[in-house]
Amino acid sequence: MSNPVYLALDVPQLDAAKALVRKVAPHIGGVKLGLEFFCAHGMHGVHEIAHLGLPIFLDLKFHDIPNTVAGAMQAIHVLEPAIVTVHASGGRAMMEDAKAAAGENTRVVAVTMLTSLDQRDMERTGITGGAHDQVMRLAELAEKSGLDGIVCSGKEVGAVHKQWKHGFFVVPGLRPKGGNSGDQKRVVTPREARDDGAGVLVIGRPISKADDPAEAARAIEATL
Ligand SMILES: O=C(O)c1cc(=O)[nH]c(=O)n1[C@@H]1O[C@H](COP(=O)(O)O)[C@@H](O)[C@H]1O
């Protein structure tokens with residue numbers, strides 16, 4: 001089985017980012033490049049990381065009208081990402097058009113409820129009923145829109161997996177036992193998420209901020 005860990009490369013310097021990927025490469029299955037990386041280094045930076053040979057997950061969390069998202073999706077074809085994200089709350093037409101505009105070998109997954117939100121945060125944005133119900137609702141919408149899967153926390157992935165048998169599930173908000181949660185609020189261990197059906201485990205700071213990132217990645221791999 002291939003390694004499900006994608007390193008979240010939320011690192012401001014391109015050279016440091018490349019050095020980090022080289023160090024941990026034997027213990028990860030791919031690299032996730034998000035807003036911080038893309039705003040700092042753009043398409044050029046993505047190419048530089050892609051040259052290191054691991055699959056690229058381009059996490060730009062598109063959320064706009066369908067026409068704009070489809071255009072953005074076409075603009076990133078050239079990067080040949082393995083996975084890209086849109087926000088499920090952009091609605092069905094946006095997700096359908098995003099999928100139609102994506103490259104043949106690119107999985108499009110919908111972010112449901114960010115793992116940094118707890119019940120109180122959600123209530124403040126008008127979402128009552130808790131993360132579980134909201135994630136299940138958005139997962140159903142993503143499936144009907146023809147997406148490949150969703151992004152959710154490890155608290156919900158087991159239930160979503162039961163409802164959407166052949167879905168592809170990306171889980172961030174992961175911490176090894178006893179790890180510092182930081183800004184993440186719905187947190188499980190990498191092993192728990194994998195056992196509940198996660199296909200991709202997104203892990204950033206537990207590896208990138210460790211004193212020895214290669215050893216941290218190796219130790220996480222050993223728990224899987
Ligand atoms: O789409 C994501 O990747 C994402 C969704 C989500 O709900 N929560 C979440 O943390 N992420 C991303 O996953 C990574 C988690 O990083 P760490 O908390 O450092 O492991 C970050 O790059 C986030 O942008």
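**Overall fold, ligand shell and annotated residues**

The model described here is a predicted one. In the chain, 10 helices and 8 strands are found.

The C-alpha trace spans about 40 × 40 × 35 Å along its principal axes. The radius of gyration of the chain is 17 Å, and this agrees with a compact globule, because a globule of 224 residues would have a value near 17 Å. Of these 224 residues, 42% count as buried. Contacts also reach across the sequence: among those between residues at least 6 apart, 67% join residues at least 24 apart.

Next comes the ligand. Its surroundings are made up of 18 residues, and the closest are Ala8, Thr115, Pro172, Gly204 and Arg205. Two elements give two or more residues to this shell, namely strand E8 (200-203) and helix H9 (205-208). By residue type, the shell divides into 8 nonpolar, 7 polar and 3 charged residues.

Attention can now turn to the residues that carry a label in the record. Under "active site", the unreviewed UniProt entry lists Asp59, Lys61 and Asp64.

Asp59 lies in strand E3, which covers residues 56-62. Is Asp59 buried or exposed? Asp59 has 26 other C-beta atoms within 10 Å, and it counts as buried because the cut-off for that label is 20 or more. When residues up to four places away in sequence are not counted, Asp59 touches Lys32, Leu33, Gly34 and Thr85.

Asp64 is placed in the loop between E3 and helix H3 (66-75). Here the count is 15 other C-beta atoms within 10 Å, so Asp64 is partly exposed; this label is used between the limit for exposed residues, 12 or fewer, and the limit for buried ones, 20 or more. With neighbours within four places in sequence left aside, the contacts of Asp64 are with Val69 and Gly90. Taken together, Asp59 is a buried residue of strand E3, whereas Asp64 is a partly exposed residue of the loop between E3 and helix H3.

Methods. Residues are numbered from 1 along each chain as its sequence is written. This is a predicted model: local features need pLDDT of at least 70, side-chain atom pairs count only at pLDDT 80 or more; totals for chains, interfaces and linings use all residues. A residue is near a molecule or strand if its C-beta atom, placed from the backbone, lies within 6 Å of it. Helices (H or I, at least four residues) and strands (E, at least two) are DSSP runs, numbered from the N terminus. Ala, Val, Leu, Ile, Met, Phe, Trp, Tyr, Cys and Pro count as nonpolar, Asp, Glu, Lys and Arg as charged, and the others, Gly among them, as polar. UniProt positions are given in the numbering used here, feature names are shortened, and annotations may be inferred rather than shown by experiment. Two residues are in contact if their C-beta atoms, placed from the backbone, lie within 7 Å. The radius of gyration is taken over C-alpha atoms; the globule rule is 2.2 Å times the number of residues to the power 0.38.
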